[in-house]
Amino acid sequence: MLTYSTKDKPIIFAFHGYPTLIHELTYERHNHNMSVHGYQEEGTITTPFDMRVQNKIDRFKGAHLIQKMNDKLIEHKQYIAEYGQDLEEIRNWGWHK
């Protein structure tokens, strides 16, 4: 498993167990830029999908972000049509320090 992962890029695990187990298995890795999502002991007897939602590992969070970005592209296109320039947040963007 870990031989396939990168040494210098972020790693995201959606693990159907306790996240601490993955952290313990990867403790000595050079790349600590890792996010592990797994069982949080949230919820009670419920459906399998609801357990994913309560433990914040459901796939719909990505759909929300995609929709937000698509909405931003539409907003930008409308702004260009009206003002003839990029949105201020695009014009003034820079790396955070």
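Start with Glu75: at 35% relative accessibility it is partly exposed, a label for anything between buried (under 20% relative accessible area) and exposed (over 50%), worked out with a 1.4 Å probe on protein chains only. Before you click further, know that this is a predicted model, where local features need pLDDT of at least 70, side-chain atom pairs count only at pLDDT 80 or more, and totals for chains, interfaces and linings use all residues. Residues are numbered from 1 along each chain as its sequence is written, and side-chain values use heavy atoms, with hydrogens and water left out.

**Stop one: the charged trio**

What do Lys72 and Glu75 form? They form a salt bridge, with the closest N and O atoms 3.0 Å apart. The term asks for a side-chain nitrogen of Lys or Arg within 4 Å of a carboxyl oxygen of Asp or Glu. Side chains of opposite charge can pair when their charged atoms come close. Both residues sit in helix α3, and because they are 3 residues apart there, about one helical turn separates them. Lys72 is partly exposed too, at 29%.

Glu89 has a relative accessible area of 46%, so it counts as partly exposed. The structure holds 2 salt bridges.

**Stop two: the rings**

How many does a search of the whole structure find? It finds 2. Select Tyr79 and Tyr83: their ring centres are 4.5 Å apart and their planes are at 40°, so the pair is tilted. Here are the rules: rings of Phe, Tyr and Trp (its six-membered ring) pair if their centres lie within 6.5 Å, and planes under 30 degrees apart count as stacked, over 60 as edge-to-face and the rest as tilted. Tyr79 and Tyr83 are 4 residues apart in helix α3, so about one helical turn lies between them. Tyr79 is partly exposed at 22%, and Tyr83 is partly exposed at 49%.

Then jump to Trp93 and Trp95. This aromatic pair is edge-to-face, 5.2 Å centre to centre with 65° between the planes. Buried or exposed, what would you call Trp93? It is exposed, at 56% relative accessibility. Trp95 is exposed as well, with a relative accessible area of 73%.

**Stop three: Ile80**

Go back to helix α3, which covers residues 60–83, and pick Ile80. Ile80 is partly exposed at 33%. Leave aside its neighbours within four places in sequence, and Ile80 is in contact (heavy atoms within 4.5 Å) with Gln85 and Asp86.

**Last stop: zoom out**

Show the protein chain as a cartoon. You can pick out 4 helices and 2 strands; helices (H or I, at least four residues) and strands (E, at least two) are DSSP runs, numbered from the N terminus. Along the sequence, the pattern is β-α-β-α-α-α. Of the 97 residues in the protein chain, buried ones make up 19%.
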